[in-house]
Each structure stands twice: as C-alpha cells, then as structure tokens.
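Morning, everyone. Please have the sequence and the model open while I talk.

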Amino acid sequence: MAANVETMFYVREKPWHGLGVRVEEALSSKEALELSGLDWKVLQQPIYTEREEEIPGYKANVRDKDGKVLGVVSDRYNIIQNDEAFSFTDALLGEGVRYETAGSLQGGKKIWLLARLPREYIITGERISPYLVFSNTFDGSGAVKVAVTPVRVLCNNTLNLALSTAKRSWSMIHTGNVQEKLQEARDTLFMAEKYMDELGKEFEVLRAKEMSEAQVREYIEQLLPIEKEATPQQVKNMQRLRTDMEARYFDAPDLKGLGHNAYRFVNAVSDYATHANPIRRTHNYRENLFGRTIDGNVMIDRAYELVKAA
C-alpha cells in the first residue's frame with residue numbers, strides 16, 4: 001500500500017493510486033462511509049506534561065477505533081466528524097447522491113470524499129461531468145474544503161481552471177460555529193452552477209483561438225523550462241517531458257477532432273499534468289496529485305493564462 005493512502009474505495013476502474021475496495025456502482029453515503037474505512041469518530045482529549053499537569057489551550061484529536069492521535073490542536077478547534085461530512089454532502093446534492101470515491105490519508109489525518117453532481121454538461125459538443133470534492137483534516141494543518149472539479153468524460157482529464165469570473169472552491173477553518181458555516185456552504189451548489197456556466201463560455205472562446213505548431217512548442221517550452229545551469233541529464237529529462245506533452249497535443253486520439261486551438265492545448269496540458277509519469281516519483285506523489293484536484297493545478301492554470309493572453 002502506498003505510504004500515505006490508509007483506506008479507501010473506488011468505483012469500477014482502478015484509480016490513480018491503484019488501491020482500495022472495488023465496487024461496481026457508486027455508493028450511498030452509508031455504504032461509502034463503511035467501505036472507505038471512515039466509520040470512526042474523533043474525540044478530543046486533554047494533554048498532560050510528564051508531571052501529569054494538564055497543558056491549557058490545547059487538545060489531542062484521537063481516533064476512537066484505535067486510540068491513534070491524529071493531531072494536537074487548540075481548544076478552539078471544532079471537529080467535523082466523517083459522518084457529518086457525508087451528511088453535509090447528502091443534504092447539499094439532494095436525495096440519491098452517489099459517491100465515487102472516499103478515503104483517508106496519512107494514517108487518518110486527512111480524509112476526502114468525491115461525488116458526481118447530478119447534472120452533466122454538454123460544452124462545445126463534449127460531455128463534461130462536474131464532481132464535488134470534500135476534504136477535511138484532523139491534525140490542524142488545513143481547513144475544510146469543498147470544490148467543484150469538471151472532468152472531460154472522454155478521457156478523464158480534469159479541467160478545473162482558475163476563472164476570474166466564478167469560484168470553484170469554498171473553505172472554512174475549524175473554529176467558531178461549524179454547523180452555521182456548513183449551512184453557509186450550501187451556497188456551493190449555486191457556485192457550481194455558475195462556475196460550469198462560465199467555464200462553458202470560456203471553452204467556446206478557447207476553441208475559437210487557433211494555434212500554430214510553433215505556438216504550441218513555444219508554450220510547452222515556457223511550461224517546461226530548461227534552466228541555464230541545468231546539467232546534461234537535466235536537459236535530457238526536460239526534453240523527454242516536452243516530447244511527452246507535445247505528443248499529447250498532436251497525437252492523442254481524443255483530441256484530434258478538436259482542431260488546432262487553445263482548447264485542445266489546455267486539454268493536452270491537463271492530460272499531461274494528470275496522467276504523465278514524473279521524472280522522480282516521490283512517496284506522496286499520488287496524494288499531491290489528488291490534492292491538486294481540490295486546490296487546482298498550477299500547470300493547467302498557467303497553460304490557460306498563456307493561451308488567454310495570446
């Protein structure tokens with residue numbers, strides 16, 4: 001098992017990390033909670049010094065099923081339990097929501113769940129399915145995050161562009177009245193509708209922007225620069241990555257019908273950023289890749305900025 005994926009399930013196709021409990025169809029929240037291994041609670045316990053004196057202002061977040069300490073947090077930290085995360089998403093998306101993956105990372109310090117939004121979009125003649133990703137941490141390292149992630153159905157490329165006209169994510173810290181904040185977060189469904197509408201308009205603009213082969217190669221060189229001090233091996237490695245990205249633009253079967261334009265280029269970069277093998281695969285490579293599903297992928301956003309400015 002990869003170092004940072006503790007438990008999870010997935011639907012039908014093996015996911016990027018190749019782990020988990022395989023199921024044939026998307027699950028209800030109750031089923032997902034159990035099969036993902038997230039059917040546990042977090043309790044807060046006081047912390048003591050070696051002299052058995054309680055340390056004021058801090059608590060330990062402890063998993064009930066095994067007594068594992070997931071993190072030390074301030075006593076202002078409010079817990080959102082895993083079942084509350086599923087309940088929130090159930091309420092947000094309505095009756096019959098189905099989950100496609102969920103699980104925990106780093107020994108339970110982080111959890112996520114992913115559900116397909118009920119509406120599928122046809123944008124520039126292509127099927128785009130938006131997903132809602134919910135992530136939470138118990139070690140005090142991050143906020144609760146909810147994000148919309150559009151996926152091009154034909155090739156599973158994520159197209160979560162950073163638009164200036166619409167937001168795709170929402171977050172909150174674990175202090176104050178958490179339940180009130182979750183109520184506010186129900187606006188994320190409206191956020192999703194606006195984001196997808198604006199994304200559709202932007203895709204139309206990108207599809208109308210023709211690109212020459214020279215432009216494609218120029219932008220690839222900007223996305224994958226070779227530093228002046230690079231060693232011969234580093235130059236060779238970067239040239240290999242450039243060739244890989246070029247091939248995804250010029251040769252990918254699912255992109256050939258799109259014409260030579262900015263929309264095709266952004267898709268090729270997304271394909272590379274999502275699926276290409278890195279030069280050096282770190283032990284938490286896949287976790288970081290999934291994290292960019294929520295936070296956004298810098299390379300995809302940079303590609304979008306380049307073609308938009310042209």
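First, a definition. Two strands pair if DSSP finds at least two bridges between them. Keep in mind that this is a predicted model.

Now the pairing itself. How many bridges join strand S4 and S5? Five, and the two strands pair in the antiparallel sense. S4 covers residues 54-63. In general, strands of a sheet pair through backbone hydrogen bonds, either parallel or antiparallel.

Step back to the sheet. It is an open sheet of three strands, in the order S3-S4-S5. The pairing is antiparallel. Which strands sit at the edges? Strand S3, residues 42-48, and strand S5, residues 69-74. Each of them pairs on one side only. The twist averages 35° from one strand to the next.

Next, look at Val-72. Val-72 is found in strand S5. Opposite Val-72 stands Ala-60. Val-72 also belongs to a nonpolar surface patch.

Last stop, another strand. Find Thr-158 in strand S11, residues 157-158. Is Thr-158 buried or exposed? Its relative accessible area is 14%. Buried means under 20%, so Thr-158 counts as buried. What does Thr-158 touch, leaving out residues up to four places away in sequence? Thr-149, Pro-150 and Val-151 are among the contacts. Ser-270, Thr-274 and Ile-300 touch Thr-158 too.

Notes:
Residues are numbered from 1 along each chain as its sequence is written. This is a predicted model: local features need pLDDT of at least 70, side-chain atom pairs count only at pLDDT 80 or more; totals for chains, interfaces and linings use all residues. Side-chain values use heavy atoms; hydrogens and water are left out. Helices (H or I, at least four residues) and strands (E, at least two) are DSSP runs, numbered from the N terminus. Axes are lines fitted to C-alpha atoms, for helices over the stretch in contact, and angles run from 0 to 180 degrees between N-to-C directions. Buried means under 20% relative accessible area, exposed over 50%, partly exposed in between (1.4 Å probe, protein chains only). Contact means heavy atoms within 4.5 Å. Patches are made of residues with over 30% relative accessible area and no salt bridge: like charges are joined within 9 Å, nonpolar side chains (Val, Leu, Ile, Met, Phe, Trp, Tyr) within 5 Å. Accessible areas come from the Shrake-Rupley method with a 1.4 Å probe; for residues, only the protein chains shown count as cover. A salt bridge is a side-chain nitrogen of Lys or Arg within 4 Å of a carboxyl oxygen of Asp or Glu.
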